[in-house]
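Dear colleague,

I am passing on the structure below, together with notes on what was found in it. Please read the notes with the coordinates open beside them.

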Amino acid sequence: MANILYIDDEISALKAISAILRKEGYTVFTSTTAEEGMEVLKTTTIECILLDYRLPGMDGIDLLRWLKHCEMSIPTVMLTAYGTIEKAVEAMKLGAYHYLIKPVDTELLLNVIKEAIEKSKGIQKLEKIETPFPEIIGKSKTIQEIFYIMQMVAESNANVLITGESGTGKELVARAIHKNSLRKSKPFIIVDCTTIPENLLESELFGHEKGAFTGATERKTGLIELANEGTVFLDEIGELPMLLQKKLLRFLQEKEIQRIGSTQRIKVDVRVISATNKDLEKAIKEGSFREDLYWRLNVVRINLPPLRERKEDIPLLVNHFLNKFSKENNKPIPQLEPEVMNALINYYWPGNIRELANVIERAVVLSPSGLISIKHLPRRIQENTGWTIIKENTFNLLEVEKALILKALNSTGWNQTKAAEILGISRKQLRTKMKHHGFLTQSEEE
Ligand SMILES: Nc1ncnc2c1ncn2[C@@H]1O[C@H](COP(=O)(O)OP(=O)(O)OP(=O)(O)O)[C@@H](O)[C@H]1O
Ligand SMILES: [Mg+2]
């Protein structure tokens, strides 16, 4: 069971609460001053601190400061007889886990302590996990699950289909799988199915013999053949024209290619990782994507969630990009004003991690003093704080409407039905207004 340190100058409370905690099986260390408590903390492993606010000498807030200064992340529950909001806010800002008013409800206290200890253990455990993918930032449960699948699949030769919105990290994940596979010392070749013109794609993929068609003045080795023993990354596979879908399928079945203009069949051993932000299942139904090819590509599926569905990773990513871009620009790592992180967490991030990286790079460049404030963020993110516009400078009805719609959307995780309910309009009316204010992307407008 866990060690708890309880600091309180009120002896009767000290005795009563300690007895309750000991009965629950905790080992309780007590002290009547913050200074004494500090001595205990220096010599003993403590899992949770119960801390009275008003103490002789150093008070509870001073001790919280000291803990922060020493980087001791021990969950601390504050107790006080004088409940004021300001004090509670100050304590929470300094990292206190919870704030309870005396006399405390025993059951509540026990629950809070149990939760605090469990949570801090969880955090430590997560931090200890060694990721084989250090370039991919994220601690959210979804990302941890993806790491697990990536590890399993890296060791195999299975084809992988990576799906996810634009900017969610599909290419990053594909590279990481290759780098952690047995093929890592062999080529990783990217074929972007959207940038190569359709009439050239076949020869790009499979190669051609000299004179195979007008303009084929030299013999050319195709990308698949070049990737032999390595990995081919077929980006935007949803855009692959039908004729090539058929040829690719044939290659996947037979593991042989035929250059254009040649009758020779060449054995090629590659692993195929493909990516798309299209709904392939829908494309199959509509007849624009072959189902048999789909099943060949989709042996293992990795679906990267949009950033807005794993907001807990935003602070980590922000720090990562602050480090990265300040180094690149030869600047000291800037600090963020508190409302900046809030605005970043609350934003919808249609461009996902790529968009976040751009926003942070811009802010690093724009902030001269090493402090990033809300005005260094693009307007679309500043406006996302909703109420500020109304308060500060706007008497324009449309602007207010826009701010309110954003506020409603953000508070419902962009669930249009729920947001419409909050606003007291129909979903259809909401969509019309969203379109008017430019909140719908082209594909969402239909
Ligand atoms: N988890 C992550 N940690 C750190 N950087 C990331 C992460 N995910 C993505 N990035 C970075 O974000 C940018 C976009 O990632 P990437 O190009 O892999 O996305 P994508 O899904 O292929 O996008 P698109 O569909 O637009 O091609 C890259 O610079 C990448 O390094
Ligand atoms: Mg990409």
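The notes below take the ligand site, then an annotated span, and then a few points of side-chain and backbone geometry.

Please keep in mind throughout that this is a predicted model, and that the values quoted here were computed from it.

I begin with ligand 1, which is surrounded by 15 residues, the closest being Ile-137, Ser-166, Gly-167, Lys-170 and Arg-354. Sorted by class, this shell is made up of 6 nonpolar, 4 polar and 5 charged residues. A nitrogen atom of ligand 1 lies 2.9 Å from a backbone N or O atom of Ile-137, while an oxygen atom of ligand 1 lies 2.8 Å from a polar side-chain atom of Ser-166.

Where does the shell around ligand 1 come from in terms of helices? At least two residues each are supplied by α7 (170-179), α13 (314-328) and α15 (352-366), and the largest share, 3 residues, comes from α7. In terms of domains, domain 2 (141-303) and domain 3 (308-383) each contribute at least three residues to the shell around ligand 1.

On annotation, an unreviewed UniProt entry lists residues 136-365 under "domain: Sigma-54 factor interaction". In the model, that span is 44% helix and 15% strand, and the C-alpha atoms at its ends lie 24 Å apart.

Turning to charged side chains, the count of salt bridges in the model comes to 27. One of them joins the side chains of Asp-8 and Lys-102, with an N to O distance of 2.9 Å. Asp-8 sits in the loop between β1 (3-7) and α1 (11-23), and Lys-102 in the loop between β5 (98-101) and α5 (106-128), so this pair ties together parts that are 94 residues apart in sequence.

Pro-103 has its place in the loop between β5 and α5.

Glu-236, in the loop between β10 (231-235) and α10 (242-254), has a positive phi of about 55°. Asn-352 has a positive phi of about 55° as well, and this residue lies in helix α15, one of the helices that supply residues to the shell around ligand 1.

With kind regards

Methods:
Residues are numbered from 1 along each chain as its sequence is written. Chains are lettered from A and ligands numbered from 1 in the order in which they are written. This is a predicted model: local features need pLDDT of at least 70, side-chain atom pairs count only at pLDDT 80 or more; totals for chains, interfaces and linings use all residues. Side-chain values use heavy atoms; hydrogens and water are left out. A residue is near a molecule or strand if one of its heavy atoms lies within 4 Å of it. A polar contact is a pair of N or O atoms within 3.5 Å; within protein, one must be able to donate a hydrogen and the other to accept it, and residues adjacent in sequence count only if both atoms are side-chain atoms. Helices (H or I, at least four residues) and strands (E, at least two) are DSSP runs, numbered from the N terminus. Ala, Val, Leu, Ile, Met, Phe, Trp, Tyr, Cys and Pro count as nonpolar, Asp, Glu, Lys and Arg as charged, and the others, Gly among them, as polar. Domain bounds come from an automatic or database domain assignment. UniProt positions are given in the numbering used here, feature names are shortened, and annotations may be inferred rather than shown by experiment. A salt bridge is a side-chain nitrogen of Lys or Arg within 4 Å of a carboxyl oxygen of Asp or Glu.
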